[in-house]
Amino acid sequence: MSQSAFAIETRNLRKVFGDKVAVSNLTLSVERGEVFGFLGPNGAGKTTSVKMLLNLVFPSGGEGYLFGQPLNDPSIRSRVGFLPEHFRFHDWLRGDEFLQLHADLYRLPRLQARRRIGELLELVGLTAHASKKLREYSKGMLQRIGLAQALLNQPELVILDEPTSGLDPVGRRLVRDIIRDLRQRGVAVFINSHLLSEVEITCDRVAFIKHGEVIRVSLL
Amino acid sequence: MNSITIAKLTFREAARRKILLAALLLGMLFLVIYGLGYHFIILDVTEGFGEERKFMINQVSNFLLMAGMYVVNMLTAMMTVLTSVDTLSGEIQSGAIQTVVAKPVRRWEIVAGKWLGFAAMLTLYLLFMGGGVMAIVYFRSNYTAPHPLQALALMWLNAAILLSISLLGGASLSTLANGVLVFGLFGVAFIGGWIEQIGAFMPDPATNQTAMNIGVITSLIMPSEALWKRAAFEIQSPLLTAIGDTPFTARYYPSDVMILYSVIYLLVVFVLSIRRFSQRDL
Ligand SMILES: Nc1ncnc2c1ncn2[C@@H]1O[C@H](COP(=O)(O)OP(=O)(O)O)[C@@H](O)[C@H]1O
Ligand SMILES: [Mg+2]
């Protein structure tokens with residue numbers, strides 16, 4: 001276990017695609033157990049930022065750490081859960097198979113995985129749909145199983161990219177409840193959103209981002 | 001460990017999408033047709049010749065075995081490319097790869113896992129089809145080719161190279177561009193091989209040499225046709241070897257150096273596909 005006080009720490013993180021600056025200069029720190037909102041209009045660089053945190057996109061400059069470990073250390077991601085923005089999964093898998101696959105990728109022991117999958121299906125209300133193919137899931141159901149996928153490893157940090165986009169009010173409520181529950185258990189949550197109303201309700205702190213730069217960080 | 005998870009996923013996807021089933025059914029259809037055709041031809045030969053019957057049966061069997069293996073080689077190559085061509089590019093484009101890469105997984109493990117999954121599939125397919133053709137010929141007329149295992153190994157190497165190119169392309173290009181790349185290379189090798197073969201008949205030694213050079217160069221760019229020629233050489237009858245020309249083999253069959261080159265080619269392309277996938281943004 002690393003001793004770093006921060007779940008996320010970045011210094012001057014930057015990403016340029018060709019001549020397009022997606023993230024110009026990102027410096028922020030997210031404490032352990034904190035629910036942190038990352039708020040900005042579409043195209044502000046939110047998704048690119050979290051992709052850098054998860055080693056999906058390689059920074060053009062600057063540095064970043066999760067729990068004090070560099071971003072390109074794969075072992076650090078065993079403590080992180082991630083729900084991507086456009087939740088597209090292997091849609092020929094059944095719901096339970098999908099979760100089992102991701103439990104395997106987290107290298108959870110079989111028995112533990114089975115118990116955890118049962119719990120999470122219950123939590124996101126998909127127990128009855130576990131043996132359906134993801135192809136047959138609605139958008140909201142996909143979002144919920146994606147959320148379950150991000151919680152399989154009992155992460156210390158959960159990164160959610162626009163978690164409520166495309167959800168109906170009931171789905172939004174569920175996401176909100178889950179985030180609250182995570183906070184109570186001391187899990188840090190990093191939420192990308194373009195909706196102030198959404199981060200207002202759930203977050204402890206929020207960073208406003210525009211043109212790939214943090215304009216302001218405020219407590220809520 | 002993670003590679004095994006990915007390999008199993010790859011296998012399961014092929015099964016789920018009924019790709020395995022389709023390949024198996026078509027393969028069986030081919031074997032049935034081949035078996036019937038072979039049976040009747042041998043029947044004909046058996047009736048038509050007296051003294052040299054055994055000799056004729058062996059020659060005809062050898063020729064038909066090579067024809068069958070030629071088709072198997074083609075089908076295996078096709079199956080390998082068609083199933084693997086969009087595995088990386090498709091998942092990158094859809095974003096399905098993101099939740100996988102965001103796990104405590106190294107990127108090379110994903111590429112290696114996919115490679116293993118497809119390699120397992122093509123191995124089974126090749127054994128089923130190639131083994132089927134050889135078994136039909138063996139059980140019908142008790143004929144075995146000189147070096148069947150060597151031939152299968154060379155055909156496997158050909159498919160494994162195509163698979164690796166397909167993964168390298170998939171890590172860099174769109175599915176469509178990747179398909180064009182792999183089949184393009186395959187086509188280049190094919191044409192190069194035939195130019196070499198036809199050129200060998202030309203009376204003018206200069207033309208002869210040029211054709212051979214084209215053959216060598218295309219084999220270096222893409223060794224698939226050379227590998228087939230060598231595989232065919234391994235199964236052709238000693239008589240054909242003595243005569244030197246058949247529709248399936250060249251007068252000059254590819255050397256051991258060419259096989260070594262192909263193995264190195266496979267390794268280099270595989271390593272490049274890992275590197276490419278490890279360095280790209282997703
Ligand atoms: N792979 C890419 N290639 C080129 N430009 C990109 C790429 N990914 C994102 N961008 C650009 O970077 C900017 C930030 O995008 P993104 O991080 O998705 O913003 P957000 O998530 O805040 O909407 C946008 O202008 C987008 O067009
Ligand atoms: Mg976004």
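**Chain A, then some rings**

Modeller: The accessible surface of chain A is about 9400 Å², and 50% of that belongs to carbon and sulfur atoms (Shrake-Rupley method, 1.4 Å probe; for residues, only the protein chains shown count as cover). This is a predicted model, where local features need pLDDT of at least 70 and side-chain atom pairs pLDDT 80 or more, while totals for chains, interfaces and linings use all residues. Residues are numbered from 1 along each chain as its sequence is written, chains are lettered from A and ligands numbered from 1 in the order written, and side-chain values use heavy atoms, without hydrogens and water.

Colleague: How much of chain A is buried?
Modeller: Of its 220 residues, 55% count as buried, meaning under 20% relative accessible area; exposed is over 50%, and partly exposed lies in between (1.4 Å probe, protein chains only).

Colleague: Switching to rings, how many aromatic pairs are there over all chains?
Modeller: The count is 11. Rings of Phe, Tyr and Trp (its six-membered ring) pair if their centres lie within 6.5 Å; planes under 30 degrees apart are stacked, over 60 edge-to-face, the rest tilted. B:Y261 and B:Y265 make a tilted pair, 6.0 Å centre to centre with 50° between the planes.

Colleague: Are those two buried or exposed?
Modeller: B:Y265 is buried, at 14% relative accessible area; B:Y261 is partly exposed, at 30%.

Colleague: And which residues form a cluster in chain A?
Modeller: A:F36, A:F38 and A:F190 form one aromatic cluster.
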